[in-house]
Amino acid sequence: MPNCSVIFPDSSSGFGESIDEVNIALSGVASNVGSVADLTNAELEGMTTKALGLAKAFDQDVGQTSRAVGQLMKTGMAADAEEAFDIIAAGLRKGADGGGDFLDTLIGGADNLKTFGFTGDQATGLIVQGLNAGAESAESVTGLFEELVGNVSAGGDDLAQTFKDLGLDGQQMAKDLTSGGPAANKALDTLLDSIRDLKDPIKQDAMMAALFGEEGAAMQNTLLAIDPSTATAALGEFDGAAQEVTDTMAASPGQQFDSIMRSLSTTIGQFLMPALQFVAGLFQKYPGLMQTVVPVVLALAAGLAIAA
């Protein structure tokens, strides 16, 4: 594994708290997203910066971030790393981690989600819809689909009657839902639309309990809210979302000050670090100082860089 100081000569201006943290991020990207040998330095730097930026912006583990990206790519739910990072960034912005398990759900459940024919953006949009409707976690939303497939696979006269009451061909629905891929995706969309079309809350409750089991009975609002046909729209425009997050982070006064501290540490050693650490403490206590002081420190850093 190459050292980040070789790949990123200016790594002190990145998002990592230290060279070691950047190396950890670099290792995660290389392990989960692609081989270092297959990536240019610019590509590797860009991916590592996005992993660090998303982790810092949304208080996520940088290793889990790159693992989730890798899972979306490996399952074909994202075309490439750029799209995977964008989907995750958009999901985090929309509150997909409201239950604290969004990345874990993508890592552990991507194979099952792909089997249901979901794309990465559609699956993330469904999670957002579910959480907005009161679901406790991302896993609780995706678990509904697994519960449905399990119940349909088990079959039975009661289930056949449920499909009939919804005006659906039970045999065809069972075949489509258990076959996976686009057919399962379309069947799920049709099924949920049929439940919503009932309008009678009592009948809706009975149908959801019969099809989705105890989870469905407890998550009726979620089931009425999730809609595969509008899930991507619920996620919003996600193209370029990861870059927007990292750019916003890089432009923030706090991030600029962090970068200054690292740059000064690299350029002139530890000479000014005690003073800078004291100033950092003041910023934590009096956040309003940040907007006033950062431009001054930027000018100081520029002057020192010229002098060096």
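Lys74 counts as exposed, because its relative accessibility is 59% and the cut-off for exposed is over 50%. The model described here is predicted. Its protein chain has 18 helices and zero strands, and Lys74 is found in one of these helices, H4, which covers residues 62–74.

**Lys74 and Ala110**
- In sequence, Lys74 and Ala110 are 36 residues apart.
- In space, the C-alpha atoms of Lys74 and Ala110 are 9.1 Å apart.

**The chain as a whole**
- The protein chain has 308 residues, and 45% of them count as buried.
- Among contacts in the protein chain with a separation of 6 or more, 69% are between residues 24 or more positions apart.

**Helices H11 and H12**
- Two packed helices are described by the angle between their axes and the distance between the axes.
- Helix H11 spans residues 181–197 and helix H12 spans residues 201–218; they pack at an angle of about 155 degrees, and their axes are 9 Å apart.
- H11 is therefore roughly antiparallel to H12, since angles over 145 degrees count as roughly antiparallel.
- The crossing of H11 past H12 is right-handed.
- On the H11 side, the contact is made by Leu191, Leu192, Ile195 and Arg196.
- On the H12 side, the contact is made by Gln204, Met207, Met208, Leu211 and Phe212.
- Sorted by class, the residues in the contact of H11 with H12 are seven nonpolar, one polar and one charged.

How values were computed. Residues are numbered from 1 along each chain as its sequence is written. This is a predicted model: local features need pLDDT of at least 70, side-chain atom pairs count only at pLDDT 80 or more; totals for chains, interfaces and linings use all residues. Side-chain values use heavy atoms; hydrogens and water are left out. Axes are lines fitted to C-alpha atoms, for helices over the stretch in contact, and angles run from 0 to 180 degrees between N-to-C directions. Helices (H or I, at least four residues) and strands (E, at least two) are DSSP runs, numbered from the N terminus. Angles under 35 degrees count as roughly parallel, over 145 as roughly antiparallel, 65 to 115 as roughly perpendicular and the rest as oblique. A crossing is left-handed if the near helix is turned anticlockwise from the far one by less than a right angle, and right-handed if clockwise. Contact means heavy atoms within 4.5 Å. Ala, Val, Leu, Ile, Met, Phe, Trp, Tyr, Cys and Pro count as nonpolar, Asp, Glu, Lys and Arg as charged, and the others, Gly among them, as polar. Buried means under 20% relative accessible area, exposed over 50%, partly exposed in between (1.4 Å probe, protein chains only).
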